[in-house]
Amino acid sequence: MKNLKIIITVTCMFIMVLACKKEDPPGPPALTTEAISDITYSGATTGGTITDDGGEVITTRGVCWSTSSTPTTADNKTEDGSGSGSFISQINGLDPETPYYVRAYAVNSVGTSYGNEVLFTSEPLTDIDGNTYNTVSIGTQLWMQENLKVTTLNDGTDIALVEDNDAWFQTDDPGYSWYDNDENAYGNTYGAFYNWYAVNTGKLCPDGWHVPTDDEWTALTDYLGGEDIAGGKLKEAGSDHWLSPNTGATNETGFTALPGGYRSNGGTYYSIQTRGSWHTSSADDQTYVWRRDMQVNHERVDRWHNNKNFGFSVRCVKDQ
């Protein structure tokens, strides 16, 4: 009888222990961030690996990124399915030559967890010839900070170098030239001149970029307070390239507009160091197209139209 009481007592205590024991509560996920690969000027590949789902289903996963440390899902992010294991994420819409912080994230019913932080820098903007360009953000637009100097369309087609004046006047094919036909003296600083037939191919700028429309130029000058004062904010200050007086030039935008001059439809070169002229991709009619000018003696951005055989500089703007 005594042994029976002992057995009953031990059994009851065991039952009480089982009754009091509770399952571990669910927790947040645990994960790591994958290394960055396939970096370009505007994108990169990364991802994550969820090592522990926290006892709950992973409902959302992806990566988040920012130019500031410890990015969260309130910043830029991808959504790459659900569930545990590894996943791949494609980051797009980056600015060239910019440092970015990236973390993988995962969400379950308990909350959101983040992986380790990875830092990388996007590549510079590069054209098909291998020329690289600095860029600058103004308002909602991202512009090249330098004039285009490419001699090949982005599909690999060569643009004709047209030095002869008569040939420049007569051609209706895509063409380019350098000021005074002297690439060594002017090309690296001021870029090339293009006729509108080169602009109209839609393939002059690097992939993901384009020659700005008339409206996009207007959006730029409107953002800067209007055409009457925008030129001063866009022109490079000082006299390294502009002659005196370089009226109103502050370059507060970082656009660094330079006075590369232009080439007339008859082939003659004009106005180096006193005027910068830039194409738009917008035609006024069958004969004329729109351009923008900035000059040494005022702070305006002038809007003119001209014959399609004129040669002007090009600043590309990023697709939106």
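Mentor: We shall take a sheet, a core and a helix in turn. This is a predicted model, in which local features need pLDDT of at least 70 and side-chain atom pairs count only at pLDDT 80 or more, while totals for chains, interfaces and linings use all residues. Residues are numbered from 1 along each chain as its sequence is written, and side-chain values use heavy atoms, with hydrogens and water left out.

Trainee: Why are S13 and S14 said to pair?

Mentor: Strands are DSSP runs of E with at least two residues, and helices are runs of H or I with at least four, numbered from the N terminus. Two strands pair if DSSP finds at least two bridges between them. Strand S14 (residues 175–177) is joined to S13 by 2 bridges, so the two pair, and they run parallel.

Trainee: What makes S13 and S15 edge strands?

Mentor: In the open sheet with the order S13-S14-S15, each of these two strands pairs on one side only.

Trainee: What is meant by a nonpolar core?

Mentor: A nonpolar core is a set of buried Ala, Val, Leu, Ile, Met, Phe, Trp, Tyr and Cys residues joined through side-chain atoms within 4.5 Å. Buried means under 20% relative accessible area, exposed over 50%, and partly exposed in between (1.4 Å probe, protein chains only). The largest such core here has 23 residues, and Trp 209 is among those with the most contacts inside it.

Trainee: How do you know that the buried residues of H5 line one face?

Mentor: In helix H5 (residues 214–223), the buried residues include Trp 217 and Leu 220. The buried residues fall within an arc of 170°, taken from the directions from the helix axis to the C-beta atoms, so they line one face. On the other side of H5, Asp 215, Asp 222 and Tyr 223 are exposed.
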